[in-house]
Amino acid sequence: MSDPATGTRALDRAADLVATVVHADEPMSFADLQDASGLAKSTTSRLLTALERSGLLERDAAGSYVAGRLFWLYAARHDPWDELVRLARPVMDDIGADTGETVHLSVTRGERVVQVAQVDSTFLLGTRDWTEVDVPAHCSALGKVFLAWDALELPDGELERPTPATLAGRDDVRRDCLRTRERGWALTRDELEIGLTGIAVPVFGVHGDLVASLGISGPTPRLEARLDELGRRLLDRSTALSSLLRGPARRTTHPPHRSDHRPAHRSARTQEVVA
């Protein structure tokens with residue numbers, strides 16, 4: 001029987017090879033992987049053969065390595081946002097426990113902003129089910145994040161104006177997007193509904209692309225004196241979530257640090273709602 005330490009070391013090395021391929025921006029050659037791993041040629045060859053056999057890696061037409069069929073099989077069997085929601089839930093629960101306000105996580109699907117998870121407010125005033133509520137992006141802090149980071153475009157034609165505070169002109173929206181990028185968080189105050197304020201921040205994925213917006217909403221009188229503070233808190237949480245989505249740093253000789261997340265205090269409702 002093999003030494004347990006030896007078996008663990010081999011598993012760590014194989015996991016490193018898979019992680020290197022998955023995080024790479026393009027297929028990796030054998031020489032690239034050997035150089036990145038620092039392993040002997042024979043060891044690299046043996047591990048890559050085993051990973052191909054298991055379906056974790058495969059080779060493209062040029063012979064370079066890419067993620068294997070098991071990754072695509074998993075993706076095909078699951079909603080593409082399930083993993084995002086799973087990783088975001090502890091962060092959302094922490095924000096909800098910290099602020100008491102409704103917490104939202106949204107993504108884009110086509111030209112729509114779709115809420116994929118929500119944690120309800122602990123206050124009676126401010127709790128609302130946003131299911132089936134279609135909100136114009138320029139009226140929503142969550143939507144403004146996607147506009148500010150060029151993940152969404154304004155629709156053609158005249159912009160909707162639900163309240164007198166709504167930014168109705170395209171130039172006004174563009175200036176607001178610049179302010180959002182400069183401070184790092186988006187704000188809507190009485191723009192969707194009089195008395196309702198929302199704050200949202202971007203969440204970035206593996207390649208630094210915007211994948212989601214994370215925010216809170218609540219009554220304007222309760223939030224207006226804390227906007228900067230809440231914006232900074234949300235930025236801290238979204239930065240942590242973005243790091244989590246990017247995964248552990250590639251290892252050299254030391255094992256990756258494993259983040260330890262607090263258990264959720266409240267369950268997040270997974271929905272498909274427009275925020």
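A disulfide is a pair of cysteine sulfur atoms within 2.5 Å, and by this rule the count for the structure comes to zero disulfides. The structure is a predicted model, in which local features need pLDDT of at least 70 and side-chain atom pairs count only at pLDDT 80 or more, while totals for chains, interfaces and linings use all residues. Residues are numbered from 1 along each chain as its sequence is written, and side-chain values use heavy atoms, with hydrogens and water left out.

View 1. Helices (H or I, at least four residues) and strands (E, at least two) are DSSP runs, numbered from the N terminus. Of the 275 residues in the chain, 42% are buried, where buried means under 20% relative accessible area, exposed means over 50%, and partly exposed lies in between (1.4 Å probe, protein chains only). Contact means heavy atoms within 4.5 Å, and among contacts in the chain between residues at least 6 apart in sequence, 62% join residues at least 24 apart.

**View 2. Helix 6 is mostly covered, with eight of its eight residues buried.** These buried residues are Ala141, Leu142, Gly143, Lys144, Val145, Phe146, Leu147 and Ala148. They pack against strand 3 (102-109), strand 4 (112-119), helix 7, strand 5 (186-189), strand 6 and strand 7.

**View 3. Ser140 reaches backbone nitrogens of helix 6 from the loop between strand 4 and helix 6.** At the start of helix 6, a side-chain oxygen of Ser140 comes to within 3.1 Å of the backbone nitrogen of Leu142, and the side chain of Ser140 also reaches the backbone nitrogen of Gly143 at 3.1 Å. Both are polar contacts, that is, pairs of N or O atoms within 3.5 Å; within protein, one atom must be able to donate a hydrogen and the other to accept it, and residues adjacent in sequence count only if both atoms are side-chain atoms. Ser140 counts as buried because its relative accessibility is 7%.

**View 4. Asp150 follows helix 6 and lies in the loop between helix 6 and helix 7.** Asp150 has a positive phi of about 60° although it is not a glycine. With 66% relative accessibility, Asp150 counts as exposed. A positive phi, of about 65°, is also found at Asp190, which is not a glycine either, and Asp190 is placed in the loop between strand 5 and strand 6.

**View 5. Helix 6 (residues 141-148) packs on helix 7 (residues 170-183) at an angle of about 90°.** Two packed helices are described by the angle between their axes and the distance between the axes. Axes are lines fitted to C-alpha atoms, for helices over the stretch in contact, and angles run from 0 to 180 degrees between N-to-C directions. The axes of helix 6 and helix 7 are 9 Å apart, and their angle makes helix 6 roughly perpendicular to helix 7, given that angles under 35 degrees count as roughly parallel, over 145 as roughly antiparallel, 65 to 115 as roughly perpendicular and the rest as oblique. Lys144, Leu147 and Ala148 in helix 6 meet Val173, Asp176, Cys177, Thr180 and Arg181 in helix 7. Among these residues, Cys177 is buried, with a relative accessible area of 13%.

**View 6. Helix 5 (residues 82-99) and helix 9 (residues 227-246) cross at roughly 160°, with their axes coming within 10 Å.** The two helices are therefore roughly antiparallel to each other. From helix 5 the contact is made by Leu84, Leu87, Ala88, Val91, Asp94, Ile95, Asp98 and Thr99, and from helix 9 by Leu230, Arg233, Leu234, Arg237, Leu241, Leu244 and Leu245.

**View 7. Ser213 sits in strand 7 (residues 210-219) and is buried, with a relative accessible area of 0%.** The side chain of Ser213 reaches the backbone oxygen of Leu142 at 3.3 Å. Not counting residues up to four places away in sequence, Ser213 touches His104, Leu105, Ser106, Leu142, Val145, Phe146 and Val201.

**View 8. Leu196 has its place in strand 6 (residues 196-204).** Leu196 is buried, with a relative accessible area of 17%. Leu196 and Gly218 are 22 residues apart in sequence, and their C-alpha atoms are 5.8 Å apart in space.
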